[in-house]
Amino acid sequence: MDTMLVPPWLESLLSTSFFTVCRTHGDAARNECNMYCLDCEGGAFCFYCRSSRHKDHQVIQIRRSSYHDVVRVTEIQKVLDISGVQTYVINSARVLFLKERPQPKYGKGVAHICVICGRSLLDPFRFCSLGCKLVGVKRNGEASFTIEAKNEALMERREGISRGEEELREGSQQQQDIYPPTPPPPSSSARRRKGIPHRAPFGS
């Protein structure tokens, strides 16, 4: 798998079980293992584990929606290119789902579906979840998860636009060289040349 397209921690994140009771802090109030460290890739942990063992690490918090794991867009987009994945607004926060959600067959009139699992989507996205995008990336490599790749693509697009503008300007200049502008007609007040023109003598 190309690590330029998929960060090494993503598959570990998607295979992790969340919302179990922390073994170390089982008696504490916030003992749900709903956090994941991108630096350690060591499984889920709770709020207290984060304070003690992952204080200066990159940590994301997993949340639940209808018994499915979600992550807030504001958190995940800092470390992952999530373009193409359907997002939803839940409790006034925009989130996306980690894994594919099984769905009964949809009826007619569904405009958008996930290209991997066929789940109906609300908007013209390609994937219903990070898991389905991962399958798509590994299958054909057309998409990427890395922020660097996304930035490079944007730079290439911008450079392409700049080059196009330069070519357009060059083309305009060539057009002027091939077809010089017609000189304006002489003014009626312009002075006429004095004298009578003489023909050149015929050669013998």
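How many residues lie between β3 and β4 in the hairpin that they form? In this predicted model, the hairpin of β3 and β4 has two residues between its strands, and Ser66 in the turn has a positive phi of about 50°.

## Strand pairing

Strand β3, which covers residues 59–65, runs antiparallel to strand β4, residues 68–72, and four bridges join the two. Within this pairing, Arg64 has Asp69 of β4 as its bridge partner.

Strand β4 is also joined to strand β6, residues 93–97, by three bridges, and these two strands likewise run antiparallel. Here the bridge partner of Val71 is Leu96 in β6.

## Aromatic pairs

Two aromatic pairs are found in the structure. The rings of Phe47 and Tyr48 have centres 5.3 Å apart and planes at 80°, so this pair is edge-to-face. Phe47 counts as partly exposed because its relative accessibility is 28%, and Tyr48, at 29% relative accessibility, counts as partly exposed too.

The rings of Tyr88 and Phe97 also form an edge-to-face pair, because their planes stand at 80°, with the centres 5.4 Å apart. Tyr88 has a relative accessibility of 15% and therefore counts as buried, while Phe97 is buried with a relative accessible area of 5%.

## Charges over rings

Phe47, whose ring pairs with that of Tyr48, also has Arg30 lying over its face, at 3.9 Å from the ring centre. Elsewhere, the charged end of Lys133 sits over the ring of Phe145, at 4.9 Å from the centre of that ring.

Methods: Residues are numbered from 1 along each chain as its sequence is written. This is a predicted model: local features need pLDDT of at least 70, side-chain atom pairs count only at pLDDT 80 or more; totals for chains, interfaces and linings use all residues. Side-chain values use heavy atoms; hydrogens and water are left out. Two strands pair if DSSP finds at least two bridges between them. Rings of Phe, Tyr and Trp (its six-membered ring) pair if their centres lie within 6.5 Å; planes under 30 degrees apart count as stacked, over 60 as edge-to-face and the rest as tilted. Buried means under 20% relative accessible area, exposed over 50%, partly exposed in between (1.4 Å probe, protein chains only). A charge sits over a ring if NZ of Lys or CZ of Arg is within 6 Å of the ring centre and within 35 degrees of the ring normal.
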